[in-house]
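Please open the model in your viewer and keep the sequence beside it.

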Amino acid sequence: MGSTTERVLSLVSFFYLILCMEVNMIVNGEQHALTAPTSLKAFLVETGYDITRIVVELNLAIVPKADYDKTILNDGDSLEIVHFVGGG
């Protein structure tokens with residue numbers, strides 16, 4: 001059996017599927033819809049972000065990287081994702 005977080009995510013996803021609800025949120029000023037609740041970390045990985053080179057603000061609060069996997073994205077959330085780039 002998986003971790004507690006994985007079990008909770010599975011249960012939450014199950015209930016959302018039953019209710020046929022989408023999770024609608026704003027990502028960097030643009031509308032984005034998820035078919036089921038997901039963790040912030042899963043969303044970032046699935047959408048191609050390198051989580052070692054970004055900072056995420058969720059509903060006007062910075063999310064510590066250690067909390068990405070236990071932060072569940074909810075309907076109406078607003079994400080701002082800032083990339084770090086190197087250069088000289």
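Predicted model: local features only at pLDDT ≥ 70, side-chain atom pairs only at ≥ 80, totals over all residues.

Next, select the strands, which form an open sheet of five with the order 2-1-5-3-4 and mixed pairing. At the edges of this sheet you will find strand 2 (30-34) and strand 4 (61-63), each of which pairs on one side only, and from one strand to the next the twist averages 35°.

Now keep residues 23-27 and 78-83 selected, because these are strand 1 and strand 5, which run parallel and are joined by two bridges. If you pick Val27, look across to strand 5 for its bridge partner, Leu79.

Then show the side chains of Lys70 and Asp67, which meet in a salt bridge with 3.4 Å from N to O; the count for the model comes to one salt bridge. Are these two residues buried or exposed? Lys70 counts as exposed because its relative accessibility is 53%, whereas Asp67, at 24%, counts as partly exposed.

Finally, show the surface of the whole protein chain, whose accessible area comes to about 5800 Å², with 59% belonging to carbon and sulfur atoms. Of the 88 residues in this chain, 27% count as buried. Among contacts with a separation of 6 or more, residues 24 or more positions apart account for 56%.

Definitions and conventions:
Residues numbered from 1 in each chain as written. Heavy atoms only, no water. Salt bridge = Lys/Arg side-chain N within 4 Å of Asp/Glu carboxyl O. Buried < 20%, exposed > 50% of the residue type's maximum accessible area, 1.4 Å probe, protein only. Contact = heavy atoms within 4.5 Å. Areas by Shrake-Rupley, 256 points an atom, 1.4 Å probe, with all protein chains shown as cover. Helix = DSSP H or I, 4+ residues; strand = E, 2+ residues; numbered from the N terminus. Axes fitted to C-alpha atoms, helices over the stretch in contact; angles between N-to-C directions.
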